[in-house]
Structures are given as structure tokens and as C-alpha cells.
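Have the model open in your viewer, with the sequence panel beside it.

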Amino acid sequence: MLDFLQFDTFLGRILELPPLVLWVFFCFSNFLENVFPPWPGDTVTIFSGFLSSSQDSPLSLVSVVLATYFGNLLGALVMYFFGERILQFLKRSKFPFLSALYQEENLQKTLVWFRKHEIVVVLLSRFSAGIRFFVSIVAGMSKMNIIKFVLLYSIAISLWCGILLLGGSLLGSNWNQIVVMLSYYNRVIGLVILCFILYFLYKLRRKEIQS
């Protein structure tokens with residue numbers, strides 16, 4: 001009961017904020033999760049969907065959708081252009097640790113693989129916080145066509161964030177149930193990614209031993 005009253009008080013204060021402040025916050029939240037994966041952007045997105053359906057909400061669902069889209073796309077483009085420049089930085093770096101990260105042969109193999117599967121990878125990248133962060137960087141490294149990247153990432157945003165916004169809007173005060181399901185989902189996806197990375201390292205190590 002106390003938790004409910006605290007949340008009700010918190011929600012009341014949120015609803016008193018100017019619409020522009022809320023819109024900028026939700027937009028910045030989506031931007032931030034693309035450049036700083038630990039930020040709980042998906043949770044904020046679900047909450048924004050719930051907020052848009054609340055009585056006396058200062059934001060409509062359409063305005064929340066726009067904030068989500070523009071924030072995500074801007075964050076992805078920042079990391080894309082960062083990826084374009086990080087290669088030159090690593091090449092010129094004189095720091096032992098950074099220069100060790102740059103291994104031409106392995107990097108080229110990664111970029112060749114990405115170019116071959118870029119459509120599927122970009123479309124699925126939005127479904128995992130860790131993946132979306134690196135995919136935008138690698139897309140920039142591989143010099144993926146910027147228009148193609150924007151179109152594919154826009155579709156990915158529509159699919160994933162659409163589910164989160166719609167779920168938050170439909171469930172109303174029970175929006176936190178999606179957050180619980182999302183935590184289990186992220187654990188499963190994290191485990192799958194870990195297995196994939198370990199398998200990739202195993203194959204790479206095996207090739208080095210055979211050669």
C-alpha cells in the first residue's frame with residue numbers, strides 16, 4: 001500500500017511537469033541508451049507508454065512515439081559516425097593497450113561478416129541493449145550506406161519500441177509487469193550472446209592452433 005501511494009505521488013508530480021520537459025527527457029533517455037547501454041532505456045520507454053495513456057497526461061501517444069524514434073535514431077547515428085572515426089584513432093594510437101585492440105586481420109573478418117549479414121543484424125540489433133550499441137559502431141566502421149542504415153534501424157525501432165510503448169499503454173498501472181518480463185528476456189538474450197561469443201572465440205583459437 002505504501003509503495004502504491006509513493007508511486008501515485010510520484011506520478012502526480014510527473015504529470016505536473018511541462019509537456020516539453022517530459023518530451024525532451026523521454027527523447028534523451030532513448031538517445032542515452034544507444035550511447036550508454038547500462039541506462040535502463042527500455043524501462044523508461046515502457047513508462048512513457050503508460051504515461052501517455054494516463055488520465056490528464058500532458059503527452060499523447062503520438063508525441064511519445066516521436067520522442068522515442070528521434071532519440072533512438074540520433075543515438076544510433078552518433079555511434080555510427082563514432083565507428084567511422086575509431087578505426088583511424090586505433091591505427092594512430094601509440095598506447096600499447098589501444099594498439100593491441102587493433103588487429104587488422106581479425107577486424108577485416110568481422111567487417112566482411114557484417115557486410116554479408118548487415119540487413120538482418122541491424123534489424124535484430126534493437127532487440128538487445130548490448131548488441132544495438134556495438135552494431136551501430138560496426139556499421140560505421142564498415143561504411144554501411146547511411147540511408148540504408150537509417151531505414152533498417154527505423155524499422156527496428158518501430159518493431160521493438162512499438163511493442164514496449166503499446167504494452168505500457170495497454171497495461172496501464174500494471175506496466176511494471178512488462179519490466180519484469182523484460183528482465184527475464186534480457187537474461188536469456190544475454191546468455192545466448194555469451195554462448196555465441198564463447199563459440200566464436202573457440203573457433204578462432206582452433207584456427208590459430210591449426211595454423
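Throughout this tour, buried means under 20% relative accessible area, exposed means over 50%, and partly exposed is in between (1.4 Å probe, protein chains only). You are looking at a predicted model, in which local features need pLDDT of at least 70, side-chain atom pairs count only at pLDDT 80 or more, and totals for chains, interfaces and linings use all residues. Residues are numbered from 1 along each chain as its sequence is written, and side-chain values use heavy atoms, with hydrogens and water left out.

**Stop 1**

Select Arg132 to begin. Arg132 counts as buried because its relative accessibility is 1%. Side chains of opposite charge can pair when their charged atoms come close. Helices here are DSSP runs (H or I, at least four residues), as are strands (E, at least two), numbered from the N terminus. Glu33 is buried too, at 2% relative accessibility.

Next, show Asp42. Its side chain meets that of Arg132 in another salt bridge, at 3.6 Å from N to O. Again distant parts of the chain are linked: Asp42 belongs to helix α3, 90 residues from Arg132 in helix α7. With a relative accessible area of 8%, Asp42 is buried.

**Stop 2: Arg126**

Arg126 lies in the loop between α6 (104–125) and α7 (129–141), and it counts as buried because its relative accessibility is 0%. Its side chain makes a polar contact with the side chain of Glu33 at 2.7 Å. (A polar contact is a pair of N or O atoms within 3.5 Å; within protein, one must be able to donate a hydrogen and the other to accept it, and residues adjacent in sequence count only if both atoms are side-chain atoms.)

**Stop 3: Helix α3**

Colour residues 41–53, the 13 residues of helix α3. Is this helix mostly covered or mostly open? It is mostly covered, with 11 of its 13 residues buried; among them are Val44, Ile46, Phe47 and Leu51.

**Stop 4: The nonpolar cores**

Show Phe114, Val122, Ala139, Met141, Met144, Phe149 and Tyr153, which have the most contacts inside the largest nonpolar core, a group of 25 residues. (Such a core is a set of buried Ala, Val, Leu, Ile, Met, Phe, Trp, Tyr and Cys residues joined through side-chain atoms within 4.5 Å.) Helices α4, α6, α7 and α8 (146–171) each supply at least two of its residues, and α8 gives the most, with seven. For a second, separate core of 12 residues, select Leu22, Phe47, Leu51 and Leu165, which are included in it.

**Stop 5: Arg85 and Glu84**

Finish with Arg85, which forms a salt bridge with Glu84, the closest N and O atoms being 3.5 Å apart. Here Arg85 is exposed, with a relative accessible area of 53%, whereas Glu84 is partly exposed at 26%.

Conventions. The expected span of a helix is 1.5 Å times one less than its number of residues. A salt bridge is a side-chain nitrogen of Lys or Arg within 4 Å of a carboxyl oxygen of Asp or Glu.
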